[in-house]
Structure formats: structure tokens, C-alpha cells
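This report describes selected side-chain contacts and backbone features of one protein model. The sequence and the structure are shown first, and the discussion follows.

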Amino acid sequence: MAKKKKLALHWKILIGMTIGIIYGLMANKSGWLDFTSDYIKPFGTIFINLLKLIAMPLILFSLISGIGNLKDISKLSSMGFKTITFYIFTTVVAITIGLVLVNLIDPGASFPQEDQAKYTQMYSSQVEAKQESAAVLEDESPLQFLVDLVPSNIFGAAADNSNMLQIIFFSIFIGIAIVILPENKTKPVRDFFNSMNLVILKVIDLIMEFAPIGVFALLGTIIVDMKGDIDLFKALGLYAVTVVLGLLILIFGFYPILVKFFTKVKLSQFYKGIAPAQLLAFSTSSSAATLPVTMECCEKNLKISNQVSSFVLPIGATINMDGTSLYQAVAAVFIASAFGMDLDFGQQLTIVLTATMASIGSAAVPGAGIVMLVIVLTAIGVPSEGIALIFAVDRPLDMLRTTVNVTGDSTIASIIHRFESGKIEA
């Protein structure tokens, strides 16, 4: 008797998303708001917590295991330089695409001037919270990001998912020490981290069995929460279309060119391979929460080595925010235009530089892009209160730009794997 073919994970997630959308629409129409909050939303929260739970152990063990298995420490510096260079390059390209589109389409020109005050008042509490967060970042030293990179207590750093760069720093240090020491002295340590890495990957498999239910709960809840903002979506439609168009150019234009030019991977294989990670990124709006699945997809489906994926992808989840950077460029010009301000070339160049640096410091969690946008607006002299104008459509756009972020991470991982193939000895 032939064995029944198991439904692929990305199809299960897609089914969960579809059912979640249908449920959300029904819940809005039927008034199941309390039921959704009490009995549906918790399952989405549990799923997010499970992903957050495994994120830090994954980075710690996979990165130490990957680096510790290197025979030559020079390969690490080579890989790091290429990784950072490509991430900065794609970020600048993403911002440039956003600026070109927003200047051509100019969605801010059609924004109802009489609605500006209403929207600012409607989201005043959220605006103040984001301004306070941005003010803290603005008052810091230009080299504060270097200070923040080095943890004073590894257990304290591991207790907070926003300290991912500190965990990466610590893991790289441990991995380097393992490589430098004689192999016979470090074999027990290598075996421990290699075994723990396998255990963590199996835990991820178990968590992903819950993914269809988790994304159903997440999307169903989001649609119910957005009920009161339908009219705002209509007013901000052109702005949203501009952002979405830019994201589509990245995901179906720019990244395929990189994959085609720098790797041997077929585009159909590439997109099919990372589909589960893309769908999860769309549902969670968090590159960090999606990281375990992104690594699994790259290693299992795209055959990227663990040494490359465990180094490139965690760094990408922290500093590579192509979708977010494009959104910040579009949003900054849109808000300026809505306030009747024309940005000159110098100010738009400032957007490129500021958004690039902001993407490096942006946390890989939902809504972090809004905080960094305040810094970008301040840098070009646009009132940061203007972020209130885009709050209504930020959540769905956040879902889309996170999908682009994860796709960009996977693209660069594929490129670095091609460069390093044959150079990295296990």
C-alpha cells in the first residue's frame, strides 16, 4: 500500500491563514469581539511565545556550532565582510527604490488636509510613546551601538530577545576560542554544541506543527482589531499601494536578479524553499520570531550549510531590514508631502543614510520600524507627529515588509553559501 503523501508545511500555514481571514471577517460581522479576544487570541500569543522561546537558544548553539567546526579562522572574517557588505548594499538599494516610487507617485499630495488634525489626535498616545523611544536613541553617543554590542552579563542578554546582537557577539567569541584551541582539547565542547544544535532544530520541528493554528489565531485577531480603521485604509490607499509596489519590486525583481546572478539556485526552488518562512513572517511581523524557521528552510530546502546559515541569518534578522528601510523612505516623503513640505535632494540623501543606520539598530519585532521612522523624520526636519497619519495601515504593511526582510536574509545566505562553497571545511 502506497504511503499517503504528507501535506507540506507551507500549505498547512496557508490554509491556517485563509481560515483565519475568513474567521476574522465573520467575527467582525457577527460581533464575536470578546470571544476572539478571550478564546482565539491566546493561541496566537502562545505561538509567538514558542518562537521567541527558541530564538535565543537557536542563535547560541547554531552559531557556536557553525563557527566551532571551522578549520580556519580566516574563513570567518571573509564571510563576515561579504555578509555585511551585501546587507548594506541591499538596504541602500531598497531605500533608493522607495524614494524613486514615492517621488513619482506622490501619495502625500492626495492626502485630505482636513483629516490631519483628526488622525494626529486619534493616535496621540501612540505617537507620544514612539517619540519617547526615539528620543532615547537620539540622545545616545554615535558609538553607542558598539557599546550595546558587548553584553556585561550574558544571562541578562539572553533574557531579552531584543539583545540578539549581544548573543551573536558572545557566540562568535566562544566559537573563535574553540577554533583557536587544539582540536583534541575542544572535542567534548564541539560535540556538546553540535548535539544541542540538533536538539534545538528538532524542537523547532515540533513547534512548527502548531504553526497552522498559530497563524489562524494571529490573522483572525488582527482582522478583528482593524475593524474601526476601514475608512482610514481608503484615505491612505495610495500610500499603501506605493509601499506595496516597492516591496513587490524587491521580492520579485531585485532579489531574483541577485539569486540568478550570484547563485546556482533555480528561482522556483528558492521561493518554494523559503515559502514557510515567508508565510510565517507575514503572520508574525517579526524577523526574529521567524528566524528558526528561516534557518530550517535555508538548510533543508536550499541546502545552505549550517556554518553559513547560523552566521548569516541571525545577523540578517538583526541588521538587514530591506522592507522596513523602503517603508521608512516612502513614509518619510509621504508625511512631509502631506504637511505640504517639499524635500530637496540633500534631505532625501539624509533619508538614505539615516534609514540605513536605523535599520542596523532596529529590533526585529513588530512595530519597531515606526520607532526608527521618528528618527528619520527628525533628521530631515519633518514633524514626527506625522507618524500618526500612517498608524492605521502600519500593521498590514508591517506584515508585508517583514516578509521582504526574511526573503532578503535568505537571498544573502544563498549568495554567501555560493561564495563559501568549497572553502569551508567541516
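Does R401 count as buried or exposed? In this predicted model, R401 counts as buried, at 0% relative accessibility.

**Salt bridges and the surroundings of R401**

The side chain of R401 takes part in a salt bridge with D398, with an N to O distance of 3.4 Å. Both residues belong to helix 19, where they are 3 residues apart, about one turn of the helix. D398 likewise counts as buried, because its relative accessibility is 5%. R401 also lies over the face of Y327, at 3.7 Å from the ring centre.

| Pair | N to O distance | Position |
|---|---|---|
| K187 and D191 | 2.8 Å | both in helix 9, 4 residues apart |
| E420 and K82 | 3.0 Å | helix 19 and helix 3, 338 residues apart |

E420 and K82 form a salt bridge in which the closest N and O atoms are 3.0 Å apart. This pair links distant parts of the chain, with E420 in helix 19 (residues 391-420) and K82 in helix 3. E420 and K82 are both buried.

The salt bridge of K187 and D191 has an N to O distance of 2.8 Å. The two residues are separated by about one helical turn because they are 4 residues apart in helix 9 (residues 183-208). K187 counts as partly exposed, with 49% relative accessibility, and D191 is also partly exposed, at 34%.

**Aromatic contacts**

How many aromatic pairs does a search of the whole structure find? The search finds 17. One of them is formed by F252 and Y271, a tilted pair with 6.1 Å from centre to centre and 35° between the planes. The pair links distant parts of the chain: F252 is in helix 12 (residues 237-262) and Y271 in helix 13 (residues 267-284), 19 residues apart. F252 is exposed, with a relative accessible area of 59%, whereas Y271 is buried, with a value of 18%. Elsewhere, ring pairs link F86, F261, F262 and F419 into a cluster.

**Cysteines**

A disulfide is a covalent bond between the sulfur atoms of two cysteines. The search of the whole structure finds 0 disulfides. C297 is in no disulfide, and the nearest cysteine sulfur, that of C298, is 6.9 Å away.

C297 is buried, with a relative accessible area of 4%. C298 is buried as well, with a value of 0%.

**Surface patch and loop residues**

A nonpolar surface patch of about 460 Å² is made by L7, W11, L14, I15 and I19. Of these residues, L7 is found in the segment before helix 1 (9-30). L7 is partly exposed, with a relative accessible area of 44%.

Two residues other than glycine have a positive phi and are described here. D106 has a phi of about 50° and is found in the loop between helix 3 (74-105) and helix 4 (116-122). D106 is partly exposed, with a relative accessible area of 31%. For K303, phi is near 60°; K303 lies in the loop between helix 14 (287-300) and helix 15 (306-319). K303 counts as exposed, at 59% relative accessibility.

L343 is found in the loop between helix 16 (322-338) and helix 17 (345-361). The C-alpha atoms of L343 and A332 are separated by 9.6 Å, and the two residues are 11 residues apart along the chain.

Methods. Residues are numbered from 1 along each chain as its sequence is written. This is a predicted model: local features need pLDDT of at least 70, side-chain atom pairs count only at pLDDT 80 or more; totals for chains, interfaces and linings use all residues. Side-chain values use heavy atoms; hydrogens and water are left out. Patches are made of residues with over 30% relative accessible area and no salt bridge: like charges are joined within 9 Å, nonpolar side chains (Val, Leu, Ile, Met, Phe, Trp, Tyr) within 5 Å. Accessible areas come from the Shrake-Rupley method with a 1.4 Å probe; for residues, only the protein chains shown count as cover. Buried means under 20% relative accessible area, exposed over 50%, partly exposed in between (1.4 Å probe, protein chains only). Rings of Phe, Tyr and Trp (its six-membered ring) pair if their centres lie within 6.5 Å; planes under 30 degrees apart count as stacked, over 60 as edge-to-face and the rest as tilted. A charge sits over a ring if NZ of Lys or CZ of Arg is within 6 Å of the ring centre and within 35 degrees of the ring normal. A disulfide is a pair of cysteine sulfur atoms within 2.5 Å.
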